[in-house]
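Open the model in your viewer and keep the selection tool at hand. The stops below go one at a time.

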Amino acid sequence: MSITPNETLCRFSYDLEFADIPPTVVHKSKLLILDFLGIALAACSTEIDKPLRIMANAMTGKIPPEENSSNDSGSCSAIGEKIRLPAPNAAFLNGALGHSLDFDDTHAKSIIHTAAPVVPAAFAGAEEFQKSGQDMILACVAGFESEIRIGLAAPGKFHARGFHMTAIAGTFGAAITYALQSGLSAEKMSWSLGICGSMAAGLFEYLENGSPVKALHPGWAAHGGICSTILANHDFAGPQTVFEGRFGLLKSHIGNEEFEVEALTRGLGDTWETLAIGFKPYPCGHVIHAFLDAGLRLKERAKIHHSDINKINCYAAKGAIDLVLDPIEVKRKPRGEYDAKFSLPYCLASIFVRGRCGVDEFEKNAILDPEVLSLADKVCFTQDDTQDFPRFFPGVIEVSLDDGKTFIEEEKHQRGCAENPFTDEDVFEKFKDNARRSLSPGRAENLFEMVMDLEKLENVNTIGELLRSATNHRADPQSRSQNPA
């Protein structure tokens with residue numbers, strides 16, 4: 001019997017050595033880990049933190065979390081939890097927090113948020129099995145390279161059917177990441193991926209009412225990947241044909257549409273897709289970003305005041321329209337945080353009214369701002385089938401003023417992608433701004449230094465201590481400076 005893509009991915013991951021990974025990929029992986037941790041720390045300061053934290057503790061039998069408990073129920077660190085949790089629980093909370101702001105990285109062609117499912121599983125594995133920083137980086141790289149290729153087998157086709165590919169591919173990536181550090185054999189690793197096929201899930205239906213369900217997806221993927229590995233480690237088998245089989249992932253999820261099985265394994269060890277992962281400048285749907293940069297540039301250059309705007313027309317590809325512009329009446333009046341994050345009218349109006357669209361702009365009071373909503377009501381769209389979507393997420397806006405003047409601005413490549421990349425300094429500043437919402441500046445700096453020297457660490461215990469010390473400083477902004485470094 002021929003070797004399946006599942007087995008090939010597992011054999012590649014199992015055989016991978018740190019010395020095989022190019023320095024550029026190692027460095028990019030550290031940036032991705034840093035970015036993810038900063039976002040998860042920022043999420044601790046938001047309302048979504050509470051239900052996610054209760055759920056992570058509920059899975060250990062603690063409802064609600066015991067504030068003064070000193071008894072660890074596991075060996076892994078969850079951000080802001082003083083006690084350690086079991087690996088699946090810790091990874092669930094960390095993954096959900098890291099995606100809940102919709103501020104995390106994206107591999108554009110596969111349309112996958114890569115770090116949110118993989119880094120929590122990698123960190124849990126490194127803590128539980130006392131692995132080195134090098135081991136954690138290697139596990140992350142194997143997870144990134146694998147989950148991306150699952151998306152590349154049918155780019156955009158899962159999304160068109162309503163499946164969130166991060167939730168699906170991320171489960172497999174998390175399993176590989178955790179399995180590598182647990183010492184699982186290549187054969188049992190392939191069993192774990194077979195099990196993942198029955199664990200992976202995530203739907204875009206949250207768009208219909210703006211509920212925060214999407215935040216769960218990477219957390220549950222990390223949880224599912226770890227659970228699949230634990231099962232496989234105890235001789236619970238799964239199908240090696242989980243991807244291309246008669247009832248496998250590809251045929252079950254995209255039906256009779258074409259897919260490319262070869263993409264699952266193409267270029268392993270030669271083409272490092274990790275280098276193509278982009279960072280996000282705004283905490284909202286990725287397809288919105290180019291429009292926001294175009295709007296900010298136009299606002300500043302033409303000195304446009306929002307009260308003078310008569311109409312803003314957005315030229316967008318159908319895939320972008322489906323996510324952030326349609327139905328336009330609903331998108332103009334977001335019903336909550338997640339609705340706003342996938343509303344181009346709201347985000348663009350925030351840029352023109354406030355000059356920014358950051359974490360604070362998605363709080364309840366900000367979303368209800370009458371000036372912003374009034375301008376959002378003037379946003380419309382025109383479908384543009386000439387745009388190179390989803391290879392890129394471009395944005396074109398036409399702003400018409402009350403005096404008859406019209407301005408057009410275009411951003412061909414969303415900021416953060418390979419064609420319009422973040423600098424290291426961009427990533428560093430984003431991390432520090434996010435991390436300081438839950439850590440003192442001194443602790444944020446310590447975490448930054450440890451992650452950027454990750455390959456030199458014998459273990460990740462000190463990183464875990466810092467993450468467990470995170471607290472919500474938003475109730476008392478002064479506490480950021482008062483919290484000891």
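Predicted model: local features only at pLDDT ≥ 70, side-chain atom pairs only at ≥ 80, totals over all residues.

Residues are numbered from 1 along each chain as its sequence is written, and side-chain values use heavy atoms, leaving out hydrogens and water.

Select residues 186–196, helix α9, and residues 216–233, helix α10. Helices (H or I, at least four residues) and strands (E, at least two) are DSSP runs, numbered from the N terminus. The axes of α9 and α10 lie 8 Å apart, and the packing angle is about 130 degrees. Axes are lines fitted to C-alpha atoms, for helices over the stretch in contact, and angles run from 0 to 180 degrees between N-to-C directions. The two helices are therefore oblique to each other (under 35 degrees is roughly parallel, over 145 roughly antiparallel, 65 to 115 roughly perpendicular, the rest oblique). On the α9 side, the contact (heavy atoms within 4.5 Å) includes Lys188 and Trp191.

Next, select Met136, Phe172, Ile312, Ile397 and Leu447: of the 157 residues in the largest nonpolar core, these touch the most other members. Such a core is a set of buried Ala, Val, Leu, Ile, Met, Phe, Trp, Tyr and Cys residues joined through side-chain atoms within 4.5 Å. Helix α2 (residues 23–43) gives the largest share of this core, 13 residues.

Last, select Gln414, in the loop between β6 (406–411) and α19 (424–435). Is Gln414 buried or exposed? Its relative accessibility is 1%, so Gln414 counts as buried (under 20% relative accessible area; exposed is over 50%, partly exposed in between, with a 1.4 Å probe and protein chains only).
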